[in-house]
Amino acid sequence: MLYSQTNTSTRSKSDFWQQVQFGGGFGLSVGSGFTDITVAPSGIYNLNRYVSIGAGLQGSIVSQKDLYNSAFYGVNVLTLFNPAEEVQISLELEQVRVNNTYRNPTKGTLKDNFWNTGLFVGAGYRMENVTVGMRYNLLFNQDKNVYSDALMPFFRVYF
């Protein structure tokens, strides 16, 4: 009887990790005096072939020489729905801290620091462990937002 319980426990741990996938995103954009670097690792647990839940971290630095610097960091939780093999629908809640510094020759340095919450619904085309699609921020606020638009493309990879 003891052997049977140990065997079941080992199998449960193994089954759990077989359902976990890690991935996320990385972005880099550089130009004449402009830099944008983003790192966003995440992990998901596949409840079944149709539904996955997960969490992630993210951080970004954006800089335009002599104009502004922006840094944000935060966490997100997400749910992925796969109603068909090629289709993925997502729901994602994101909370980030935004620290902006603007340089103006006449007004000096201005700072704008705030918390930003985003609630994204998205849809994408899935090819095995890669999904490409669009997401929309339902809580988008033009005046206090880290993003310039409510509609954003995404590229998601999980291994």
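Asp66 is found in the loop between strands β3 (51-64) and β4 (68-84), where strands are DSSP runs of E with at least two residues, numbered from the N terminus. The model is predicted, so local features need pLDDT of at least 70 and side-chain atom pairs count only at pLDDT 80 or more, while totals for chains, interfaces and linings use all residues. Residues are numbered from 1 along each chain as its sequence is written, and side-chain values use heavy atoms, with hydrogens and water left out.

- Asp66 is not a glycine, yet it has a positive phi of about 65 degrees.
- Asp66 counts as exposed because its relative accessibility is 57%; buried means under 20% relative accessible area, exposed over 50%, and partly exposed in between, with a 1.4 Å probe and protein chains only.
- Glu128 lies in the loop between β6 (108-127) and β7 (130-137).
- Glu128 also has a positive phi, of about 60 degrees, although it is not a glycine.
- With a relative accessibility of 76%, Glu128 counts as exposed.

- Gln88 is part of strand β5 (residues 87-104), and it is buried because its relative accessibility is 6%.
- The side chain of Gln88 makes a polar contact with the side chain of Arg156 at 2.9 Å.
- A polar contact is a pair of N or O atoms within 3.5 Å; within protein, one must be able to donate a hydrogen and the other to accept it, and residues adjacent in sequence count only if both atoms are side-chain atoms.
- Leaving aside neighbours within four places in sequence, the residues in contact with Gln88 (heavy atoms within 4.5 Å) include Leu80, Phe81, Asn82, Arg126 and Arg156.
- Asn100 also lies in strand β5 and is buried, with a relative accessible area of 9%.
- The side chain of Asn100 makes polar contacts with two side chains: that of Ser70 at 2.6 Å and that of Tyr102 at 3.5 Å.
- Not counting residues up to four places away in sequence, Asn100 touches Asn69, Ser70, Leu110, Lys111, Asp112, Asn113 and Phe114.
- Leu28 sits in strand β1 (residues 20-31) and is exposed, with a relative accessible area of 55%.
- Apart from neighbours within four places in sequence, Leu28 is in contact with Asp36 and Ile37.
- Leu28 and Tyr68 are 40 residues apart along the chain, and their C-alpha atoms are separated by 17 Å.

- The largest pocket has a volume of about 1100 Å³.
- Of the 42 residues that line the largest pocket, Thr38, Phe72, Arg135, Tyr147 and Met152 are the closest to its centre.
- On a 1 Å grid over the protein atoms alone, a pocket is an open set of points where a 1.4 Å probe fits, with protein on both sides within 12 Å along at least five of seven lines; lining residues have an atom within 4 Å of a point.
- Grid points are joined across faces, edges and corners, and a volume is the space filled by probe spheres set on the points.
- Strands β1, β2 (34-46), β3, β4, β5, β6 and β8 (151-158) each supply at least two residues of the lining of the largest pocket.
- The lining of the largest pocket has 20 nonpolar, 15 polar and seven charged residues; Ala, Val, Leu, Ile, Met, Phe, Trp, Tyr, Cys and Pro count as nonpolar, Asp, Glu, Lys and Arg as charged, and the others, Gly among them, as polar.
- The second largest pocket has a volume of about 230 Å³.
- Gln21, Asn46, Asn82, Arg126 and Glu128 are the closest to the centre of the second largest pocket, out of 15 lining residues.
- The lining of the second largest pocket has three nonpolar, eight polar and four charged residues.

**Aromatic pairs**

- The structure holds five aromatic pairs; rings of Phe, Tyr and Trp (its six-membered ring) pair if their centres lie within 6.5 Å, and planes under 30 degrees apart count as stacked, over 60 as edge-to-face and the rest as tilted.
- Phe72 and Tyr147 form an edge-to-face pair because their ring centres are 6.2 Å apart and their planes are at 80 degrees.
- Phe72 lies in strand β4 and Tyr147 in the loop between β7 and β8, so this pair ties together parts that are 75 residues apart in sequence.
- Phe120 and Tyr147 form another edge-to-face pair, with 6.0 Å centre to centre and 75 degrees between the planes.
- Both Phe120 and Tyr147 are buried.
- Phe16, Trp17 and Tyr45 are linked into a cluster by ring pairs.

Note on methods. Helix = DSSP H or I, 4+ residues; strand = E, 2+ residues; numbered from the N terminus.
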